[in-house]
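These are my notebook entries on a single chain. I set down what I looked up, entry by entry.

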Amino acid sequence: MQRIVILSPHRPSRELLSRLLAEPGLSVVTLADADEALEAIAEDEPALVVVDARRPDEDHPLMLGLLKRRYPRQPLITLIPGRLRVFDGSEERVRDVRDGGTTEGLHVLLSELQRATKDLLAQDLLRLLRPPTGEA
């Protein structure tokens, strides 16, 4: 079963992201604390980590730095004001999703998040199904 770890210090954001990304056959873990998130990742590396960094939090830059240092190929989506940073394990893309504080803008942000999540989960499945190099 694939697993997503969601990190956000704000309970309403965690609940929204969890409901938005939940699917059959997918385990979604929501955490408020960066240390808990790093522990959860160390225990069982997830297919994807989603960090909601749209509001200032002093732990996010440190946590993101530690995550990238410890797990340099960990797929990661970071929500930052007006953008999604999508790291697929080898390259990072930035998707502009300026929401302007409107309902339409929020819809665009959440749609882009769902699309990026589906893309990264599909890539994770391909990695699992692909035989190791040199084996058939």
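**Entry 1**

I located glutamate 36 in helix H2; helices (H or I, at least four residues) and strands (E, at least two) are DSSP runs, numbered from the N terminus. The model is predicted, so I note that local features need pLDDT of at least 70 and side-chain atom pairs pLDDT 80 or more, while totals for chains, interfaces and linings use all residues. Residues are numbered from 1 along each chain as its sequence is written, and side-chain values use heavy atoms, with hydrogens and water left out.

Is glutamate 36 buried or exposed, or does it fall in between? I record it as partly exposed because its relative accessibility is 41%. Here buried means under 20% relative accessible area, exposed over 50%, and partly exposed in between (1.4 Å probe, protein chains only).

I then looked up the surface charge. Asp35, Glu36, Glu39, Glu43 and Asp59 form a patch of negative charge on the surface. Patches are made of residues with over 30% relative accessible area and no salt bridge, like charges being joined within 9 Å and nonpolar side chains (Val, Leu, Ile, Met, Phe, Trp, Tyr) within 5 Å. Helix H2 (residues 34-43) gives the largest share of this negative patch, 4 residues.

**Entry 2: Helix H4**

I checked the span of helix H4 (residues 103-129): its 27 residues reach 39 Å from first C-alpha to last, close to the 39 Å expected at 1.5 Å a residue. The expected span is 1.5 Å times one less than the number of residues. Buried residues in H4 include Gly105, Leu109, Leu113, Ala116 and Leu120.

Leucine 129 also belongs to helix H4, but this residue is exposed because its relative accessible area is 69%. With Leu125 and Leu128, Leu129 makes a nonpolar surface patch of about 340 Å².

**Entry 3: Salt bridges**

How many salt bridges does the structure hold? I find 12, a salt bridge being a side-chain nitrogen of Lys or Arg within 4 Å of a carboxyl oxygen of Asp or Glu.

I looked up the pair of arginine 3 and aspartate 44, whose side chains meet at 3.7 Å, N to O. This pair links distant parts of the chain, 41 residues apart: arginine 3 is in strand S1 (residues 2-7) and aspartate 44 in the loop between H2 and strand S3 (48-52). Arginine 3 is buried at 12% relative accessible area, whereas aspartate 44 is partly exposed at 46%.

Lysine 118 and glutamate 23 form a salt bridge at 2.7 Å, N to O. Lysine 118 lies in helix H4 and glutamate 23 in the loop between helix H1 (11-21) and strand S2 (26-31), so the pair ties together parts 95 residues apart in sequence. I note lysine 118 as partly exposed at 47% and glutamate 23 as partly exposed at 37%.

A further salt bridge joins lysine 68 and glutamate 92 (3.8 Å, N to O). Lysine 68 is in helix H3 and glutamate 92 in strand S6, so this pair connects parts 24 residues apart in sequence.

I also found a network of salt bridges that links Arg95, Glu112, Arg115 and Asp119.

**Entry 4: A loop residue**

Where is proline 75 found? I place proline 75 in the loop between helix H3 (59-70) and strand S4 (76-80). Proline 75 is buried because its relative accessible area is 6%. Its C-alpha is separated by 23 Å from that of leucine 106, 31 residues apart along the chain.

Notes:
Areas by Shrake-Rupley, 256 points an atom, 1.4 Å probe, with all protein chains shown as cover. Lys, Arg positive; Asp, Glu negative; His and termini not counted. Charge placed at Lys NZ, Arg CZ, Asp CG, Glu CD.
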